[in-house]
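Here is a two-chain model to go through by question and answer. Each reply sets a value against its criterion.

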Amino acid sequence: MATEGQSEGLVFHPMDQFKIQPLFGDGPIHWYTPTNATLWMGIAILCIIGLFVIGTRGRATIPSRIQSIAELGYGFVHKMVEDVTGKEGLKFFPYVFTLFCFIVFSNFLGLIPGALTTTSHIAVTGILAMAVFLTVTIFGFIKNGAHFLELFWVKSAPLPLRPVLALIEVISYFVRPVSHSIRLAGNMMAGHAVIKVFAAFAPLILMSGIGIAVTPLSILAIVAMYALEILVAFIQAYVFTILTCVYLKDALHPSH
Amino acid sequence: MANTTTEAAGAVTEVAGHAAEAGGHAAQSAGMPQLNWETFPNQIFWLVVALVLIYLILSKVALPRIGGILADRQGAITNDIAAAEELKAKAVEAEKAYNQALIDAREEANKIVAEARAEIQKDLDKATAKADAEIAAKTAESAKRIEEIRAGAAKNVEEVARDAAAAIVDTMGVKADAKTVAGAVTARLKG
């Protein structure tokens, strides 16, 4: 792909934006090395502090603009957790809210040109999904004991079908963290890569006559993709969060 | 022979090593950075740090605060609605009292008007009676005067008649004393 691009004079490196690099120097990446992932996670934390701690420091009954946004986010996730898991699921609210905040801020910060989208990495989303999976499994067994296994035993189905369904349910249960993580990382990666590909076409006007048609088109496509990515950034955070709630519901009420 | 074989083997391994290196290089430059396992421990470590920090910030500071703000607001709204309802009830009561006062005032006014009318009527009656009495007195007096005048006039007529009779008798050459003439005239007047 890179060589093809070079022959036309265009440079395609759509995946370079996802590279993890050390912040200082060019050495090897150890587990503790501060990298651009560290930087953008740190910025996400600062934004969360800015919105939810500094933004609400007035504790005003009539909220300021920033406080309204913080309250909106709180109400949005709180209602989601309560609607899906019920009242007893609210003890997971801080945990779910942490996931939501991290994902939504990472997704939006990733839309800044030159930024690293930390949630486009399977390493990050995989850990998030595994954390949810382990929470659901461990809490499900602690709360329900062996009854948690009823999750796989579909009582509403005819008896001969139940073992087959149980097999399917078990497989789907273990596939959950995979789909949960790849959905988020894949969405974030694909959109950004497409923008980058369109961006690579943009300088064509400097090289050949066909650029007169291609360059405006590619810029338009970048704008359109960017708008779509803004939508995707929120929707994927929402989807990840609501799926977390749905899985938590299984732990709280395992019987179908 | 054996030498060349080892050389060839060496060359093969060298080539294979280069290929692997090139492949690794290609994976780093053109492949998916997401699948570069070398960066996994680093990302996971920093992710866990970030998540723990966010969780602590949110659960210790932000969420209790926002929850408190929302609860306070809900309380304030409930209180305000209760206060508004109370005030509304008060307003209704005040309106009722106002209407009652209006009715009372109207009744009072009617009473005062009736009283005033009665008083005026009494005064009027008194004045009428007084005026009637005065008129009656005046009438009586007038009647007396008229009677007097009438009596006076009759006396005068008698006198004039007596004088005239005496004069007439005198003129006829008959000597008549005054007493007889007077008696005749009086008798005539009476009859």
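Q: What makes residues 44-63 of chain B a helical span, and how far apart are the end C-alpha atoms?
A: In this predicted model, residues 44-63 of chain B are 100% helix and 0% strand. The end C-alpha atoms lie 26 Å apart.

Q: Which residues of chain A does UniProt place under "transmembrane region"?
A: The unreviewed entry gives 37-55, 92-116, 122-142, 193-213 and 219-248 of chain A. Residues 37-55 of chain A are 95% helix and 0% strand, with end C-alpha atoms 25 Å apart. Residues 92-116 of chain A are 68% helix and 0% strand, with end C-alpha atoms 29 Å apart.

Q: What does the model show over the "coiled-coil region" that UniProt lists for chain B?
A: The unreviewed entry lists residues 84-126 of chain B. That span is 100% helix and 0% strand, and its end C-alpha atoms are 62 Å apart.

Q: What is the pattern of chain A along the sequence?
A: It reads α-α-α-α-α-α-α. Chain A has seven helices and zero strands. Its C-alpha atoms fill a box of roughly 70 × 55 × 40 Å along the principal axes.

Q: Why is the pair B:Arg73 and A:Glu71 called a salt bridge?
A: The cut-off is 4 Å between a side-chain nitrogen of Lys or Arg and a carboxyl oxygen of Asp or Glu. The closest N and O atoms of B:Arg73 and A:Glu71 are 2.8 Å apart. The pair therefore meets the criterion. The count between chain A and chain B is one salt bridge.

Q: How do you know that chain A and chain B are in contact?
A: Contact requires heavy atoms within 4.5 Å. In chain A, 44 residues are in contact with 34 residues of chain B. The two chains bury about 3,600 Å² between them, 76% of it on carbon and sulfur atoms. A:Trp31, A:Tyr74 and A:Thr98 supply 16% of the area that chain A buries against chain B, more than any other three residues.

Q: How many cavities of 30 Å³ or more does a search of the whole structure find?
A: One. About 40 Å³ of space lies in the largest cavity. A cavity is a place where a 1.4 Å probe fits but cannot get out.

Q: Which residues line the largest cavity?
A: The lining is A:Ala129, A:Val132, A:Phe133, A:Val136, A:Tyr173, A:Arg176, A:Pro177, A:His180 and A:Tyr247. The elements giving two or more residues to it are α5 (122-144) and α6 (162-201) of chain A. By class, the lining has seven nonpolar, one polar and one charged residues.

Conventions
Residues are numbered from 1 along each chain as its sequence is written. Chains are lettered from A and ligands numbered from 1 in the order in which they are written. This is a predicted model: local features need pLDDT of at least 70, side-chain atom pairs count only at pLDDT 80 or more; totals for chains, interfaces and linings use all residues. Side-chain values use heavy atoms; hydrogens and water are left out. On a 1 Å grid over the protein atoms alone, a cavity is a set of points where a 1.4 Å probe fits but cannot get out, and a pocket is an open set with protein on both sides within 12 Å along at least five of seven lines; lining residues have an atom within 4 Å of a point. Grid points are joined across faces, edges and corners, and a volume is the space filled by probe spheres set on the points. Helices (H or I, at least four residues) and strands (E, at least two) are DSSP runs, numbered from the N terminus. Ala, Val, Leu, Ile, Met, Phe, Trp, Tyr, Cys and Pro count as nonpolar, Asp, Glu, Lys and Arg as charged, and the others, Gly among them, as polar. Buried area is the accessible area (1.4 Å probe) that two parts lose on being put together, summed over both. UniProt positions are given in the numbering used here, feature names are shortened, and annotations may be inferred rather than shown by experiment.
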